[in-house]
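User: I have a model open and would like to go through it with you. Can we start with the overall picture and then look at some contacts?

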Amino acid sequence: TIANLVVYVTDKKGNAITDLEKEDFIVFQDGEQREITNFKLYTDDIIRQELVEMPARPVLGPTPTPAPVSPTDAAGPIPVHMVIYIDNENLQPLDRNRVLSQTTDFIRSSLHPPAKMMVVAYQRSFEVLQDFTSDPMEVLSAIRSVRRYTGGRAERERTRRDIIDRMYRLEDELRSSGGISADRNNLGPEMTEVYNLIDNYAKETDNNLMFTLDSMRQIITSLSGLPGKNGIIYVSNGLPMSPAMDPYYELNRITQNSAILTEMYQFDRSRHYQQMASTANAQGVTLYTINAAGLQVSGMGSAEFASAQDPLAASMGHHNLNDSLRFLADETGGIAIIDTNDVGPKLEFVKQDMFTYYSLGYPLQASGQDKVHKVRVKLRDDPALNGYQLRYRSRFVEKSLETTIQDAVVSSLVFEIDDNPMDLDVEPGTPSAASEKRWLMPARITFPLDAVAFLPEGDDYVARVVFFIAARDSDGKQSDLVRREHEIRIPATEYETAKNSRYSADTSLLLESGRYKISVALLDPITRQDSYKTISTSVNPKK
């Protein structure tokens, strides 16, 4: 088994370095140096040329990239799946529209095989506006449709500034009347009310953040079954590392009450971002993050608000929204585009990532289990290589066969995956009421018996197969993945006749009313062959 690493090498300005050789790289896995047996430089021109020479092959599908046949070559250009994720719930509409208009050149110039793009909009749940496509016009059309969305960021920002303005007015009044109590339990009715407003604002912002991170995890997990390089371009006005950090800090500054900082730190959500980065690394997804707010000067006042914010508090608030984006990009090998009013030049570096990279392969002793490996790549000690910067995924997950199939089942609920060599079929039945809100829908799974391996066992021939089943409704709610084993036993005297027929397995799904995509996978553990089938069906949709 060959472990393939994608490594980006750039100079200090971010421009790609494309003249390195295999001997220039040193790879460590779990602290041990590994021999690089497969090496290839890819650039946009090389990829275009190879695609002309190679026979057509599907970009989507769970089949892993085959190991290279030559120690100096790689398996061909890696498929690229890029999701443009527009977080309307955390975007100011004017900032969003400005940034999206600046993506036009990037989409037109970078969207060609082996790359495909998808457009997703989030507003309390993610909606796929455009499935994966290599047509730039389809992607741009989906992006234009986003302009009708509003979201909740503008209202939350007004609430935050109203709280801060109220604090400043109270501060002026209290100073003129004799000072401010340092006892949180004796702040006075006006300041206590401000404290309660901050607490409520923090809880609301935190609740919104949890919804946002959960939706991002869903789309990351959905990408897990796709081969190649998978990335998400995440567009927002930033996500708080600690909700309501700057209002809490302002109240602490005014009251000189350090106990208020304790209240602020209870909303520290850095652990959730660490988990998000770990999930993305486990699924092989790179995060490219954009703060649409652009270049800002901390603490500047405006006609919209009564006063300018304290510069230190404003700076803390600014970093609070950007640190999360930097962390997610850095931890997954991506790029954070922050503090710029024109994202176009920075998106050129994202395009560079899509098509310009080194593919390094080394032998991996497969464990057959899900196992996390730590990777470190460096350049050989040579003054000529000093100053070059390397980006790569510092961890990768060696996945078992069953985990790989489960990931593909989850992906097929969102993306079209056409990979059915075993002629698997699924036939839904007529649902029957199981309770007031749930229905029992029968389904019959069939496949030809000659598609699986039978072994002699006494007077019988026996095959053992595994089914994986999952469902997703039109609102994005997804069921748990179900694993079921089946034993097929045929008397030896009947085997020659029976192997030309189809095997049927009946199952049932407990579902609420709605429209569903149901995905089924078949695994033959002996031959390690797998097959996938996805159907669409309705369960009492009129009620």
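User: What kind of model is it, and how are residues numbered?

Analyst: This is a predicted model, where local features need pLDDT of at least 70, side-chain atom pairs count only at pLDDT 80 or more, and totals for chains, interfaces and linings use all residues. Residues are numbered from 1 along each chain as its sequence is written, and side-chain values use heavy atoms, with hydrogens and water left out.

User: How many helices and strands does the protein have?

Analyst: There are 13 helices and 23 strands. Helices (H or I, at least four residues) and strands (E, at least two) are DSSP runs, numbered from the N terminus.

User: And what share of the residues counts as buried?

Analyst: Of the 543 residues, 51% are buried. Buried means under 20% relative accessible area, exposed over 50%, and partly exposed in between, using a 1.4 Å probe and protein chains only.

User: What about contacts between residues 24 or more positions apart?

Analyst: They make up 77% of the contacts in the protein with a separation of 6 or more. A contact is heavy atoms within 4.5 Å.

User: Salt bridges next. How many are there?

Analyst: The structure has 29 salt bridges. The criterion is a side-chain nitrogen of Lys or Arg within 4 Å of a carboxyl oxygen of Asp or Glu.

User: Which residue does glutamate 155 pair with?

Analyst: Glutamate 155 forms a salt bridge with arginine 158, at 2.8 Å from N to O. The two are about one helical turn from each other because they sit three residues apart in helix H5 (residues 153-176).

User: Where are aspartate 339 and arginine 326 in the chain?

Analyst: Aspartate 339 is in the loop between strand E10 (336-337) and helix H11 (344-355), while arginine 326 is in helix H10 (residues 311-332), 13 residues apart. Their salt bridge has its closest N and O atoms 3.9 Å apart. Aspartate 339 is partly exposed at 28%, and arginine 326 is partly exposed at 32%.

User: Which residues are linked in a network of salt bridges?

Analyst: One network links Glu457, Asp460, Arg464, Glu487 and Arg489.

User: On to helix packing. At what angle do H6 and H7 pack?

Analyst: Helix H6 (residues 189-222) and helix H7 (residues 245-255) pack at about 160 degrees, with axes 10 Å apart. Axes are lines fitted to C-alpha atoms, for helices over the stretch in contact, and angles run from 0 to 180 degrees between N-to-C directions. H6 and H7 are therefore roughly antiparallel. Angles under 35 degrees count as roughly parallel, over 145 as roughly antiparallel, 65 to 115 as roughly perpendicular and the rest as oblique.

User: Which residues meet there, H6 against H7?

Analyst: From H6, Met191, Tyr195, Ile198, Asp199, Tyr201 and Ala202; from H7, Pro247, Tyr248, Leu251, Ile254 and Thr255. By class, nine are nonpolar, one polar and one charged. Ala, Val, Leu, Ile, Met, Phe, Trp, Tyr, Cys and Pro count as nonpolar, Asp, Glu, Lys and Arg as charged, and the others, Gly among them, as polar.

User: How do the axes of H9 and H10 cross?

Analyst: The axes of helix H9 (residues 270-282) and H10 come within 9 Å and cross at roughly 30 degrees. That makes the two helices roughly parallel. The residues that meet include Tyr273 and Met276 in H9 and Phe327 and Leu328 in H10. The contact of H9 with H10 has six nonpolar, four polar and one charged residues.

User: Last topic, single residues. Where is isoleucine 36, and what does it touch?

Analyst: Isoleucine 36 is in the loop between strand E3 (32-34) and strand E4 (38-42), and is buried at 9% relative accessibility. Leaving out residues up to four places away in sequence, isoleucine 36 touches Lys22, Phe25, Val27, Leu360 and Gly361.

User: And leucine 261, where does that lie?

Analyst: Leucine 261 is in helix H8 (residues 259-265), and is partly exposed at 21%. Leucine 261 and tyrosine 249 are 12 residues apart in sequence and 6.8 Å apart in space, C-alpha to C-alpha.
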